[in-house]
Amino acid sequence: MTDKSFLSEPWIAKSLTVAGAHAAAFAGAVMSLAFVGQLSVWGRVVAVCVGFVTAVFVAPALSVVVGHLFFDGAMPDEVRSGIMFLLSLSAMTILPPLLAFLKKLAGDPLGVLSALLPRGPSPSGPDQGGGA
């Protein structure tokens, strides 16, 4: 009989590796609760989940950009963890304006698009007015 410890199992080791890589994102998401107003328990859970998911999905793309701009593609893991921490910390600050924009877009998509597009001359022309 072999004496294997619980932590030497391959799936446990892989899980701990993934958890360690995302620890900064989770810590930033929990720290963001200090800056959020009065929330219910479920609101706090959602805030932590939003911060964590934002950091996990946006940080790799941002890390590539920062790596190419400042580190010639070889970025240290500490910087990547710092980016994840800052993203998850600021996700609740970034999210409300984004949600307001998406709500406005869902309510009137053509109105939002017409506000974003540059205005040109009127298709009816200046002579088409309905004057008296």
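This is a predicted model: local features need pLDDT of at least 70, side-chain atom pairs count only at pLDDT 80 or more; totals for chains, interfaces and linings use all residues.
Here, a residue is called buried when its relative accessible area is under 20%, exposed when it is over 50%, and partly exposed in between (1.4 Å probe, protein chains only).

Residues are numbered from 1 along each chain as its sequence is written, and side-chain values use heavy atoms, with hydrogens and water left out.

The protein chain has 5 helices and 0 strands, where helices (H or I, at least four residues) and strands (E, at least two) are DSSP runs numbered from the N terminus.

| Helix | Residues | Residue and state |
|---|---|---|
| α2 | 23-31 | Ala24, Ala25, Gly28 and Ala29: buried |
| α3 | 41-70 | Phe70: lies in this helix |

Looking down the axis of α2, its buried residues fall within an arc of 135 degrees, so they line one face of the helix; the arc is taken from the directions from the helix axis to the C-beta atoms.

Now to the surface. Phe70 counts as exposed because its relative accessibility is 63%. Phe70 also belongs to a nonpolar surface patch of about 780 Å², together with Val53, Phe57, Val58, Leu62, Val65, Leu69 and Phe71. Such patches take residues with over 30% relative accessible area and no salt bridge, joining like charges within 9 Å and nonpolar side chains (Val, Leu, Ile, Met, Phe, Trp, Tyr) within 5 Å; a salt bridge is a side-chain nitrogen of Lys or Arg within 4 Å of a carboxyl oxygen of Asp or Glu.

Key:
Accessible areas come from the Shrake-Rupley method with a 1.4 Å probe; for residues, only the protein chains shown count as cover.
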